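Please look over the structure below before reading the report. The notes are arranged by structural element.

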Amino acid sequence: IKSTLKLPLSMHGGEKQDPEELRLMIDYKPERWGHLVFTDEANVALLQKQAQDHAAMPDSCDTAPVALELCLTSNLITSGMDGVDNHHIDAWLDLGRLVHSDRGTADGPDALSPAGDKRPRAAPLRGTPHISLHTDDRGVFGCSMTSELALLANHKALFPDSPSMTDRDVASKLFHLQRNALEVVFAPKCDGEEREEYIAFLKARFDAQCRLPI
């Protein structure tokens, strides 16, 4: 059905420690993943290859890049983490250099990456999943996008206590994280140049609403 109707697929995986289940889910090659809290090196390698293979497709510009949805409050509650500092978002950002600015680099002032080089930066910008932040179920977990962004701002690996880290720096990093999520929107009836125009339109609306100079 997925291939016949060309419908994008979103799957939630890695919400429990079951590498075999996750590997079987990877075989479906979804365009969007949710959570991926519990992973292992073998499955992470498969996920990165999936994203890289997608990017190498001749018509990859017609579709959204492979995406990763992360839900802080939901993950903390359902996975037994004892604080936001233990959330795995920093591992994904660092491993895959998943967040980038429109200037084309993950190492510039707008990049959202952990402090220090705790893990190797192995994957290229193109061909790695894009991260976006979500609430999961607002009614069940009692959260909003505002509270999720505020919670992320307390992640010490991403936003260390430092005199050089100003409030504007925090806002800028959160701004770019959310803005980059527009790259993975399931655009309706868009392909090629139409999709690029649609993404540009969404970014312009986003910039106008946030009013944060970039």
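The model is predicted. Its four-stranded sheet is open, with the strands in the order S1-S2-S3-S4 and parallel pairing. Strand S1 (10–13) and strand S4 (130–133) form the edges, each pairing on one side only. From one strand to the next, the twist averages 25°.

## Strand S3 and its partners

Strand S3 (residues 67–70) is joined to strand S2 (residues 32–35) by three bridges, and the two run parallel. Across this pair, Trp-33 is opposite Leu-68 of S3, and Gly-34 is opposite Glu-69 of S3. Strand S4 also runs parallel to S3 and is joined to S3 by four bridges. Here Leu-70 has Leu-133 in S4 as its bridge partner.

In a regular strand, side chains alternate between the two faces of the sheet. In S3, Ala-67 and Glu-69 lie on one side, with Leu-68 and Leu-70 on the other. These four residues are all buried, and both faces of S3 are covered.

## Helix H9

Helix H9 spans residues 193–210, 18 residues in total. From first C-alpha to last the helix reaches 26 Å, close to the 26 Å expected at 1.5 Å a residue.

Which residues of H9 are buried? They are Arg-195, Ile-199, Leu-202 and Lys-203. These residues are on the same side of H9 because they cover an arc of only 100° around the axis. The buried residues of H9 pack against helix H8 (167–180). The face turned away from this buried side carries Glu-193 and Glu-197, which are exposed.

## Ser-79

Ser-79 belongs to helix H4 (residues 72–79). Is Ser-79 buried or exposed? Its relative accessibility is 18%; buried means under 20%, so Ser-79 counts as buried.

With neighbours within four places in sequence left aside, the contacts of Ser-79 are Val-37, Phe-38 and Ser-74.

Methods: Residues are numbered from 1 along each chain as its sequence is written. This is a predicted model: local features need pLDDT of at least 70, side-chain atom pairs count only at pLDDT 80 or more; totals for chains, interfaces and linings use all residues. Side-chain values use heavy atoms; hydrogens and water are left out. Two strands pair if DSSP finds at least two bridges between them. Axes are lines fitted to C-alpha atoms, for helices over the stretch in contact, and angles run from 0 to 180 degrees between N-to-C directions. Buried means under 20% relative accessible area, exposed over 50%, partly exposed in between (1.4 Å probe, protein chains only). The expected span of a helix is 1.5 Å times one less than its number of residues. The arc is that of the directions from the helix axis to the C-beta atoms. Contact means heavy atoms within 4.5 Å.
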